[in-house]
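Me: I would like to learn how to read a few features of a protein model, one at a time. Could you give the general idea in each case and then turn to the structure itself?

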Amino acid sequence: MSMEGSKKETAEHIPHSLAVALELESSTEADEAVIREKLSDLLKSMREDLHIEYTDNANELYEKMRQENCLVRVEKLSRVLDTLNSDKKLHIADEDEYHYANATLPVPEGIKIAFAEGQAPGPVRIAVAFGKTIIGFKTDNIKVEEIDFSENRPDATERKYLCRHVVGDIEKQDIVSVVIRIPRHLMDESLLTEKEMSSKTPFIVRGFNR
């Protein structure tokens, strides 16, 4: 079988939502019209593949994370979907990796840090044209460590309280909530709620609890 045929066969065997997410993650901001079209396909196929219903209430999702004693981190949506559609674990970091902040507490300031400085995996920043995805996850099956920040930082005490370094793999059942934050101009108007249509918020949220 040719390489092209092998790739085609592999693509045909992955969930449609994962295939669309991978396409979107390879897009650039210049592909705005394409992104808008594929986002509609992504949200629809995620609902079908994962058997979930969306909410636009981010606070409700974050409250669920707090209730379940979760940590949060920004992740590539394709990696999240690969785990949720299968029994694959979501690898975060190895024991010997540099201890950087790769998760935060699910409180407003922690979530703000996660969206601003999301990293996964390792110290490579995620820059996804169609938005960012945050997951809230239980820590039963991973190692959680505090981080010491330089005392020269004016926010060192706050960062120490909010940020964590996690090591290991997140299991499918430990993912509690998923929040996708999408730039407003990339969302087709047909997907917006009445409230979103009349608001001027720069981001649209779609998320779900599991």
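Reply: Let us start with burial, where a residue counts as buried if its relative accessible area is under 20% and as exposed if that area is over 50%. Please keep in mind throughout that this is a predicted model.

Me: Is Cys 70 buried or exposed by that cut-off?
Reply: Cys 70 has a relative accessible area of 4%, so it is buried. Cys 163, at 1% relative accessibility, counts as buried too.

Me: How many disulfides does a search of the whole structure find?
Reply: A disulfide is a covalent bond between the sulfur atoms of two cysteines. In this model the search of the whole structure finds zero disulfides.

Me: Which residues have the most contacts inside the largest nonpolar core?
Reply: In soluble globular proteins, nonpolar side chains tend to be buried together. Here the largest nonpolar core has 38 residues, and Leu 42 and Met 46 are those with the most contacts inside it. Several elements each supply at least two residues of this core, among them α2 (16–25), α5 (77–84), β4 (132–137) and β7 (175–183). The largest share, six residues, comes from α3.

Me: How should I read an aromatic pair, and how many does a search of the whole structure find?
Reply: A pair of aromatic rings is described by the distance of the centres and the angle of the planes. The search of the whole structure finds one such pair. It is formed by Tyr 54 and Phe 208, whose rings are 6.4 Å apart centre to centre with 70 degrees between the planes, an edge-to-face arrangement. Because Tyr 54 lies in the loop between α3 (32–50) and α4 (58–67) while Phe 208 belongs to strand β8 (residues 203–209), the pair ties together parts that are 154 residues apart in sequence. Both Tyr 54 and Phe 208 are buried.

Me: Which rings does Arg 181 lie over?
Reply: Arg 181 lies over the face of Phe 115, at 4.1 Å from the ring centre. The charged end of Arg 181 also sits over the ring of Phe 203, 4.0 Å from its centre.

Me: Which residues of α4 are buried?
Reply: The buried residues of α4 are Ala 58, Leu 61, Tyr 62 and Met 65. They cover an arc of only 95 degrees around the axis, and therefore they lie on the same side of α4. Asn 59 and Gln 67, on the other side of α4, are exposed.

Me: What caps the N-terminal end of α4?
Reply: The cap is Asn 57, which places a side-chain oxygen 3.2 Å from the backbone nitrogen of Asn 59.

Me: Where is a positive phi found just after α4?
Reply: Most residues other than glycine have a negative phi, and most peptide bonds are trans. Just after α4, however, Asn 69 takes a positive phi of about 55 degrees. Asn 69 is placed in the loop between α4 and β1 (71–75), and at 61% relative accessibility Asn 69 counts as exposed. His 51 is a further case of a residue other than glycine with a positive phi, near 55 degrees. His 51 lies in the loop between α3 and α4 and, with 69% relative accessibility, counts as exposed.

Me: Finally, is Lys 200 buried or exposed?
Reply: Lys 200 has a relative accessible area of 80%, so it is exposed. Its place is in the loop between α8 (194–198) and β8. The C-alpha atoms of Lys 200 and Arg 184 are separated by 8.7 Å, although these residues are 16 residues apart along the chain.

Note on methods. Residues numbered from 1 in each chain as written. Heavy atoms only, no water. Phe/Tyr/Trp six-rings, centres within 6.5 Å; stacked < 30°, edge-to-face > 60°. Helix = DSSP H or I, 4+ residues; strand = E, 2+ residues; numbered from the N terminus. Buried < 20%, exposed > 50% of the residue type's maximum accessible area, 1.4 Å probe, protein only. Lys NZ or Arg CZ within 6 Å of the ring centre and 35° of its normal. Arc of directions from axis to C-beta. Polar contact = N/O pair within 3.5 Å; in protein donor to acceptor, adjacent residues only side chain to side chain. Disulfide = S-S within 2.5 Å. Core = buried A, V, L, I, M, F, W, Y, C linked by side-chain atoms within 4.5 Å.
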